Amino acid sequence: VETLRQTAIPVLALYGGSDFVVPAEINARKLRRWLTEAGNEEFEIVTYPGADHSLSLAAGFQGAGEWPERFFRWPRPAPGAYAKLVSWVREHTAATDD
């Protein structure tokens, strides 16, 4: 907590809205408060509804009955999560021609 209250560098926090390990609502609220106490204005907090701790949408059986009404859905990334990460890093780092 004390480190976050002193953090002045850009911060991107990505949360899964269905994460039971790190509950998004509780942690985002705390992070926002601590970074604001630090005077940090360069942070962004994004929550992806339905995503879990790995920013994936749930896997498992969908539907009822037999195939094709009931099927297995593989885990998949929360839409936009990886694109957000890449674009944010590009915006907050300097590219070189080296």
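1. Tyr48 counts as buried, because its relative accessibility is 10%. Buried means under 20% relative accessible area, exposed means over 50%, and partly exposed lies in between (1.4 Å probe, protein chains only). Tyr48 sits in strand β2. Helices (H or I, at least four residues) and strands (E, at least two) are DSSP runs, numbered from the N terminus.

2. The basis comes next. This is a predicted model, in which local features need pLDDT of at least 70 and side-chain atom pairs count only at pLDDT 80 or more, while totals for chains, interfaces and linings use all residues. Residues are numbered from 1 along each chain as its sequence is written, and side-chain values use heavy atoms, with hydrogens and water left out.

3. What surrounds Tyr48, leaving out residues up to four places away in sequence? Tyr48 touches Leu14, Tyr15, Gly16 and Gly17, then Leu55, and also Ala78, Pro79, Gly80, Ala81 and Lys84. Contact means heavy atoms within 4.5 Å. The C-alpha atoms of Tyr48 and Pro79 are 8.1 Å apart, although 31 residues separate the two along the chain.

4. Most residues other than glycine have a negative phi. Leu55 lies in the loop between β2 (43-48) and β3 (56-57). Leu55 is buried because its relative accessible area is 11%.

5. Most peptide bonds are trans. Pro68 is in the loop between β4 (60-62) and β5.

6. Asp19 is in the loop between β1 (11-16) and α1 (24-37). Is Asp19 paired with an opposite charge, or without a salt bridge? Asp19 is buried yet has no salt bridge, and the nearest side chain of opposite charge, Lys30, is 14 Å away. A salt bridge is a side-chain nitrogen of Lys or Arg within 4 Å of a carboxyl oxygen of Asp or Glu. Lys and Arg count as positive, Asp and Glu as negative; His and the chain ends are not counted.

7. Asp19 does have polar partners. Its side chain makes a polar contact with the side chain of His53 at 2.6 Å. A polar atom of the Asp19 side chain also lies 3.0 Å from the backbone nitrogen of Val22. A polar contact is a pair of N or O atoms within 3.5 Å; within protein, one must be able to donate a hydrogen and the other to accept it, and residues adjacent in sequence count only if both atoms are side-chain atoms. Beyond four places in sequence, Asp19 is in contact with Ala51, Asp52 and His53.

8. Ser18 is in the loop between β1 and α1. Ser18 is partly exposed, because its relative accessible area is 42%. Neighbours within four places aside, Ser18 contacts Gly50, Ala51 and Asp52.

9. Thr7 is in the segment before β1. It counts as buried because its relative accessibility is 14%. The Thr7 side chain reaches the backbone oxygen of Thr3 at 2.8 Å. Residues up to four places away aside, Thr7 touches Leu35, Ala38 and Asn40.

10. Trp74 is in the loop between β5 (71-73) and β6 (76-77). Trp74 counts as exposed because its relative accessibility is 63%.
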